[in-house]
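Q: Could you walk me through this one? I have it open and would like to go through it piece by piece.
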Amino acid sequence: MIPISLPVRSTTDVSCEGCGACCRTMGYPVGYYAIINQGYSLAWPDDDGTLTIMRRMPKQLFTELRRQMRINDAAGIDRGSRDLPCVWLDPQTMRCKHYEYRPGICRDFEVGTRFCLDWRKTFSVGADLAKATA
Ligand code: SF4
Ligand code: SF4
């Protein structure tokens, strides 16, 4: 799960290009499963704008996301618990396929922060950053 709190330090020496480390265990766009499939839409606090962003998602995209959730659920695949990649992570580019509609927590997560560097380290992205994380 992506940490919500702010970083203690950051570096500008990293790029998201070809990384996607912070998306590789999310299962779905963070929060959307709970809102769409677990009935949290009314109770969602929306302090990070996630619900608002989701509501302006194109209907086709929303329908496709819900379809993927239902297919996975029917197959007994709990993507979040299994630490599977977010369904919006493009495996070729390792970038978000629907960046404009990514939820609030994904927007708040900053490149180059301690948490970002930790994710990169977990997936051995940019091993040359050892100095920056020391
Ligand atoms: S881990 Fe950091 S560099 Fe990699 S995609 Fe996430 S924010 Fe970008
Ligand atoms: S919605 Fe996009 S940015 Fe957020 S976890 Fe999924 S691929 Fe990553």
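A: Happy to, and one place to begin is α3, where Lys-59, Gln-60, Thr-63, Arg-67, Arg-70, Ile-71 and Ala-74 are exposed on one side; please keep in mind that this is a predicted model.

Q: OK, and which residues of α3 are buried?
A: Those are Leu-65, Met-69 and Asn-72, and because they cover an arc of only 70° around the axis, they sit on the same side of α3.

Q: What do those buried residues pack against?
A: The buried residues of α3 pack against α1, which spans 32-37.

Q: How many residues does α3 have, and what does it reach end to end?
A: Helix α3 covers residues 59-74, which is 16 residues, and from its first C-alpha to its last it reaches 22 Å, close to the 22 Å expected at 1.5 Å a residue.

Q: And what comes after it, with what sort of phi?
A: Gly-76 follows α3, and the phi of this glycine is positive, near 75°.

Q: Stepping back, how many helices and strands does the chain have?
A: The chain has six helices and zero strands, and 22% of its 134 residues count as buried. Among contacts between residues at least 6 apart in sequence, 77% join residues that are at least 24 apart.

Q: Switching to ligand 1, what surrounds it?
A: Its surroundings include Cys-16, Cys-19, Cys-22 and Cys-116, along with Val-14, Gly-20, Ala-21, Phe-109, Val-111, Trp-119 and Arg-120.

Q: How does that shell split by class?
A: The shell around ligand 1 has nine nonpolar residues, one polar and one charged.

Notes:
Residues are numbered from 1 along each chain as its sequence is written. Chains are lettered from A and ligands numbered from 1 in the order in which they are written. This is a predicted model: local features need pLDDT of at least 70, side-chain atom pairs count only at pLDDT 80 or more; totals for chains, interfaces and linings use all residues. Helices (H or I, at least four residues) and strands (E, at least two) are DSSP runs, numbered from the N terminus. A residue is buried if 20 or more other C-beta atoms lie within 10 Å of its own, exposed if 12 or fewer, and partly exposed in between; C-beta atoms are placed from the backbone. Two residues are in contact if their C-beta atoms, placed from the backbone, lie within 7 Å. A residue is near a molecule or strand if its C-beta atom, placed from the backbone, lies within 6 Å of it. Ala, Val, Leu, Ile, Met, Phe, Trp, Tyr, Cys and Pro count as nonpolar, Asp, Glu, Lys and Arg as charged, and the others, Gly among them, as polar. The expected span of a helix is 1.5 Å times one less than its number of residues. The arc is that of the directions from the helix axis to the C-beta atoms.
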